[in-house]
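The sequence and the model are shown first, and the description follows.

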Amino acid sequence: QTEIQWWHSMSGPLGEWVNDLSKQFNESQKTYKVVPTFKGGYDESMTAAIAAFRAGNAPDILQVFEVGTATMMASKGAIKPVAEVMKQGGVKFDQNAYVPAVAGYYTAPNGQMLSFPLNSSTTIFYYNKDAFKAAGLDPEKAPKTWPEVMAAADKLKASGHKCAFTTSWMSWTQLESFSAWHNTLFASENNGFGGTKARLVFNQPLQLKHFENLAKMAKDGTFVYKGRGNAADASFPAGECAMMTGSSGLYARVSKDAKFAYGISTLPYYPDVKGAPQNTVIGGASLWVMSGKSADQYKGVAQFFDFLSKADVQSASHKRTGYLPVTMAAYKLTEDSGFYKEKPGTDVAVTQMIRKTTDKSRGIRLGNFVQIRTIIDEETEQIWAGKKSPKEALDEAVKRGNEQLERFQKANKG
Amino acid sequence: MVERRPGLTILSHIVLLLGIALVVFPIYLAFVASTHTRDEILKVPMPITPGAHMIENYSAALLGTETQGAKVVVGRMMWVSFVTAMVIAVGKIAISLLSAFAIVYFRFPFKKLVFWMIFVTLMLPVEVRILPTYKVLADLNMLNTYAGLTVPLIASATATFLFRQFFLSVPDELVEAARIDGAGPMRFFKDILVPLSQTSIAALFVIQFIYGWNQYLWPLLATTTEDMYPIVIGIKRMIATGDAAVDWNIVMATAILALVPPSIVVILMQRWFVKGLVDTEK
Amino acid sequence: MEKRVLFRSAWLPWLLIAPQMAVILVFFFWPASQAIVQSVQMEDAFGTSTEFVGLENFKTLFEDPAYIDSFKVTALFSVLVAGIGIVLSLILAVFADRILRGGLFYKTFLIIPYAVAPAIAGVLWVFMFSPSIGIVAYALNQMGVGWNHVLNSNQALTLIVVAAVWKQISYNFLFFLAGLQSIPKALIEAASIDGAGPLRRFLTIQFPLLSPTTFFLLVINIVYAFFDTFAIVHATTEGGPGRDTAILVYKVWHDGFRALDLGGSAAQSVVLMLIVVGLTIIQFRYVEKKVQY
Amino acid sequence: MAVIHFRNIIKRYGKGAKTNQVIHGVSAEVKDGEFVVIVGPSGCGKSTLLRMVAGLEEISSGEISIGDRVVNNVEPAQRDIAMVFQNYALYPHMSCFDNMAYGLRIQGVPKAEIRTRVDKAAKILELSHLLERKPRELSGGQRQRVAMGRAIVREPQVFLFDEPLSNLDAKLRAQTRLEIQKLHRELGITSLFVTHDQVEAMTLAQRIMVMNAGVMDQFGTPEEVYNTPATTFVASFMGSPPMNLLKNAPGVRPGTILGIRPEHLNFSDEGWLVKVEQVEMLGAERLVYARLGEEQLVMRIDESVPVPALGASVRVAADENRLHWFDAGSGKRLADA
Amino acid sequence: MAVIHFRNIIKRYGKGAKTNQVIHGVSAEVKDGEFVVIVGPSGCGKSTLLRMVAGLEEISSGEISIGDRVVNNVEPAQRDIAMVFQNYALYPHMSCFDNMAYGLRIQGVPKAEIRTRVDKAAKILELSHLLERKPRELSGGQRQRVAMGRAIVREPQVFLFDEPLSNLDAKLRAQTRLEIQKLHRELGITSLFVTHDQVEAMTLAQRIMVMNAGVMDQFGTPEEVYNTPATTFVASFMGSPPMNLLKNAPGVRPGTILGIRPEHLNFSDEGWLVKVEQVEMLGAERLVYARLGEEQLVMRIDESVPVPALGASVRVAADENRLHWFDAGSGKRLADA
Ligand SMILES: Nc1ncnc2c1ncn2[C@@H]1O[C@H](COP(=O)(O)OP(=O)(O)OP(=O)(O)O)[C@@H](O)[C@H]1O
Ligand SMILES: Nc1ncnc2c1ncn2[C@@H]1O[C@H](COP(=O)(O)OP(=O)(O)OP(=O)(O)O)[C@@H](O)[C@H]1O
Ligand SMILES: O=P(O)(O)OC[C@@H](O)CO
Ligand SMILES: [Mg+2]
Ligand SMILES: [Mg+2]
């Protein structure tokens, strides 16, 4: 039996999901055994794998979040494009079966799909219906725009709610997705799709205005910053915060943990911006196949990916986790099953994504993106702490972020 | 003390009790948390007296729970930690005893250099050289092995230095007596020096056992399979995601379990620990 | 300092140091030299393209305000950790020294944090101070101190300092207690006959006589604050808010393992090594000296 | 200067079941300006007695007064005493000057006066050139002198010494002994001096207090103690080699013990027939060990007297005027007949 | 048992510029079964000499032989010697039995024989009941006896003692001295005994080797050394209080030194006029310190003789037959006139 090592970052209910997938696959055949290993958060497992690669010890499959995409792509020789793996493994692989926004993101300029989109998410809006009711708001009418969110927040606060609004993934939800949603650039060169010459531009008036609003909310106490990454995720299902923006992948946890009625809605936007709402950007992670493995192993990987892309498997995963169904077939299957009707809001993520994208909204693919996210976190934290004005913070973030981009460009010119 | 001042004595007790309260509070709280359900803990403020779910939390921790993404079996992790800590402690003591013996009781070329080479390793904490070290380990095929978890950490400038200090304080007459009695170097080492170093050995055992047990960064890299994770990693992994998803009750039960072996070592051996350190160190 | 009697053998000493030497050569010197090599290179994350850049990494480093800030934070952090840790444990030790009976009881409890892994210490403290579920954070909020170390740098620094001090207090305490108890009783009696009360005795006799211990602990605590607190920072603040608690060792790790800036991280390693060399030399010279005291 | 009064002093260590009484009712009066040596074997309670005077040890029962003040509950610092310890107890981190000045500084004596007083003491003790040194830079004898200096500068009513000479080597000990005597002659301060060395006691004391397991066996001048020991304990403790105590020699009535000092035994034509067992040469004299029936005798013989060979049988006689008789039961001296 | 031969022994410590010669050519022969004491002040090279015999210190030049074997290059264990150290050097973690048995075990002596030999030694030294104890559970004297036991069981040709008594208190010292004498009488093993205490040397030695700064000043019986000291150094070192050495007294020719022992000075009607400065009471006798012009004299006076008051001027005379004359330049004894 050939073992296939799979490093991932799925914890909690998602971890169970990953284990179940492996189990199903392992039980479906005898030749291969997928061994999933939780290696910590997205950044942790990615760096662990890179270290392992340098030491000649990389796993076969690695789950990398979308932020690491550019880094993975740039690492010629370290990875083996999925398309190739599938071909080598003799598995039929049709790139066109995938949702365009997703497939496009993980596809190289030459049209080859590089990684397998296992769990793509996007940014959506969660709100606590019980809290809305208590604040005298209509629980069935989700706030669609930022002005509505702010108004609702004020009411929630007035009704005694300590944390009206919060967000996880600050950069992803409030800058990256926010920009795409308003069809505005986050970085030049089509957000980096055009090459490593890209530079950040998110200190434009629109983003600035938004952060000024958030800063005001923070000052009023209607927006509470809960920390970096997904640190805020907990505060919604716990009932602490009444509204939040976060990953659609949080659905698994919310549906399990929330002891109150909740609603899911699209990401808020500014109605006065032309072209808004456009589409939100992809998040979540994809599976990368590392180079230098035996043919046998690649065969196994191909088998496994083939299993994962089956419409029923996809659909079940989508229902269970809130991650997007990545093939059109799976989306259809889910829709036909009546799931979206039964659980209103679960289609929000899909509908946000299954739209025609523009050059400005296809996604963001930048080198050293992990550091840039950290820089954005560091700088925006200064806003919530009242130490910097939004303008200062965004300008500084752009400046520091661009230094990273320069470095990346230099280190990867070969 | 010289004067009889009951006031001062009472004050001493008060200060010490306060100190203990401060020092023990986090652990007490962890214990309390380990006896409630997750929801009870997440209610703000959490209860500060023990609850009724101790047994189920601890058995969940010990046997592993499927609620975590990765199945975390504390029993296995404790065993890994224990083996690692033991090997590190014993190994460090053994090789340090030998090298300190060579350095103190022999004259050989480059002795100073050797001493400095050992001493200099103090300056190379794992954090500073972790990636290349990891590469060496991988090249030697030692990932996911006890050897990989332990050998790279086994060199010890501290222990060598401590033993050196201690050996220097062993009266010359003892060697002389042993030589007149006909003992050669290894015989002297085995029959006289090692038994005499008992307290230092005990002290170092405590220090190094704790050091081994508490390793975090190194095992994080040196192991990639779950059955080789030590307990400290296990706990950190359990809280790798945001607050609420964390099963704080299980985490805290695990934390308490993880505390037990090193605490036992420290408490049982505290007498030698202090004595060994102080007698030789100063 | 040398022994009067030495054994003679040409090969035995080499055999004796062989295991230690093998380990340090393979796992210390070789990797450390690699770190130095990396510090003058620029490399992509996967190590597939490497370029020699001379001292550019160092130049970038010292031009980076973030690095300078990290220095400042580290300095502040270690001074606080060493200072507070030493003062608190000294106070406890002085009072414990007064009390002959019950000493074991107090000692046993005070020694426990020593057994706690820094990573777990971090978990325990973050559990207490977590702005959303922490009971201490809750209590503080009730008392009108808005606790949110995620946004408030001073609070974040306070948190890691407290956790780091907590972890180290046992060690300091034991050394101080032993130091106090090794002061001859006759000195204390002489001083009290000379008319010195408890406080005066402490200030003029005990404390000065403890100075070797204090100095030793100072160095140990600074080294501790520099390196061993990584896990605490990692488990509590992750260097935030902003980068206000990103101490040097955290930054080395973060830049190397999160940001994958290997050259920059290696350059930081080299700087750190130099710092430790300095500390070690100070300590070593001191240790050699104090043997006679 | 002051009188020290011990009134039925009892000292118990420990509490409850572990109580251990070590001083069993000592009463005595040390005269103003007197130099009294407390002597006795190890563990007999000498230090305990002294430390009760110093206030370093609580008094279990009884009363100690210094001058006309009962000091049972007075803090050491208030007793107006100074003490010299066996291992000097100098503050190792202070210069000699500071060591001596420490007590005065605490009393708030003005700087200039401290200087004068320390200088004066240093002069007396010939320490002037050492004042800037740290104790570890001094020899044992010098350290001991600094310790005495520290006591002197305080100009106390009472000096207490706890075996101050026992860490010194023989030569230094003899020399420091002379210095202490000189000092006492000059300052005339009431002094209590503890030692277990009877030679020290004899040479230094105006009066000797002989302690035996917590009981004061005798309190008298060196001559009294040497010439008319109150108990067999005192008899055997004072003098080296010790007094011969005979139970079974011819002429000793049952129930009594006969004591004869080694120097009062001489070879003679009559007297006891003894067998010479061992001879020790001591420069100016010899010690001859001989056996008399079951008992061993020691004789101190001038080197001018020829010594019989080992194993020889000779006759020895005691100086009739120098016999001591004791009760065999209580060990008490029997009224001189 | 064996003869020990020192042939022009020289010892240098250190190398190159730091060389420090501490033994300057000692030649001597210790007879078979003889008990020789090496005595001298601290640092004179006694231990060095002894340690060269033991093989613990290299011999820089010259030859040492034990029996008829030159041992310069023989390992300590092979020299068939045993050594007793000042601070006992017992293995603290072994019982007394094991301490004594250790050397035998290494030699591979059969268990039963070890038992017998240790038991025998223990019996001689009265240690039988202590065999199971660890050294720290013993008193100083007992420890020293165990150390001697360790030496005895090896049944060596030569015993070496390096100040074995100096850590004991006066009483124990005297007692252990007697034991060592007895032991030597019984076993008759050639012994070298180092001490800086002249009383010990006098009482123990068959012959005394007096060392002075690396040079052997005299090697003779105690009587010879005491009565006809070869140098002023020996004269002043042996005897307590030391011999009075006078340069400027009436009747002393320039260039010579007159030596008189304290016990040979007496009050008399004629003789030198001296001023009494201090008197020390020593039980059976008194020491009287007196001044004669620039010089100080010490007299040893029997307690029966009345002592003049301090400050009084009296006349003293020396025993004419007991005068010693030395050359002031070399310190060497002048041929007895
Ligand atoms: N702090 C104490 N607690 C209990 N017992 C004590 C204490 N100090 C002394 N003793 C006991 O009291 C007795 C007398 O002790 P003390 O120190 O007065 O003897 P000493 O005559 O000074 O002896 P040494 O000549 O050895 O100093 C001894 O039996 C000793 O064991
Ligand atoms: N290992 C050594 N290295 C250098 N010099 C030494 C060494 N051992 C002794 N000496 C020097 O040799 C001289 C003689 O020393 P030794 O120990 O023989 O004297 P000692 O007569 O035994 O004195 P003590 O009575 O103090 O033991 C001293 O000046 C000493 O400093
Ligand atoms: O929480 P997930 O899995 O949707 O991931 C979100 C991240 O991709 C944000 O970068
Ligand atoms: Mg005493
Ligand atoms: Mg010596």
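Chain B contains 15 helices and zero strands, where helices (H or I, at least four residues) and strands (E, at least two) are DSSP runs, numbered from the N terminus. The model is predicted: local features need pLDDT of at least 70, side-chain atom pairs count only at pLDDT 80 or more, and totals for chains, interfaces and linings use all residues. Residues are numbered from 1 along each chain as its sequence is written, chains are lettered from A and ligands numbered from 1 in the order in which they are written, and side-chain values use heavy atoms, with hydrogens and water left out.

Of the 282 residues in chain B, 66% are buried; buried means under 20% relative accessible area, exposed over 50%, and partly exposed in between (1.4 Å probe, protein chains only). The accessible surface of this chain is about 9600 Å², and 71% of that belongs to carbon and sulfur atoms. Such areas come from the Shrake-Rupley method with a 1.4 Å probe; for residues, only the protein chains shown count as cover. Among contacts (heavy atoms within 4.5 Å) in chain B between residues at least 6 apart in sequence, 72% join residues at least 24 apart.

## Contacts between chains

Eight pairs of chains touch, and the most contacts among them are between chains B and C. Chain B contributes 117 residues to this contact and chain C contributes 99 residues. The two chains bury about 10100 Å² between them, 78% of it on carbon and sulfur atoms; buried area is the accessible area (1.4 Å probe) that two parts lose on being put together, summed over both. On the side of chain B that touches chain C, helix α1 (residues 6–33) of chain B supplies the largest share, 19 residues. Between chain B and chain C there are zero salt bridges, a salt bridge being a side-chain nitrogen of Lys or Arg within 4 Å of a carboxyl oxygen of Asp or Glu.

By contrast, chain A and chain D do not touch, and their nearest C-alpha atoms are 50 Å apart. Chain A and chain E likewise have no contact, with their closest C-alpha atoms 49 Å apart.

## Salt bridges

Side chains of opposite charge can pair when their charged atoms come close. Over all chains, the whole structure holds 50 salt bridges. The table lists examples.

| Salt bridge | N to O distance |
|---|---|
| B:Lys190 and B:Asp191 | 3.1 Å |
| D:Glu63 and D:Arg7 | 3.0 Å |
| D:Glu285 and D:Arg300 | 3.4 Å |

In chain B, B:Lys190 is exposed because its relative accessible area is 53%, whereas B:Asp191 is buried at 13%. The salt bridge of D:Glu63 and D:Arg7 links strand β4 (residues 61–66) with strand β1 (residues 4–13) of chain D, so it ties together parts that are 56 residues apart in sequence. D:Glu63 is partly exposed at 32% relative accessibility, and D:Arg7 is partly exposed at 34%. The salt bridge of D:Glu285 and D:Arg300 joins strand β14 (residues 285–292) to strand β15 (residues 295–302) of chain D, so the parts tied together are 15 residues apart in sequence. D:Glu285 counts as buried at 9% relative accessibility, and D:Arg300 counts as buried at 17%. In chain A, a network of salt bridges links A:Glu378, A:Glu379, A:Lys388 and A:Arg400.
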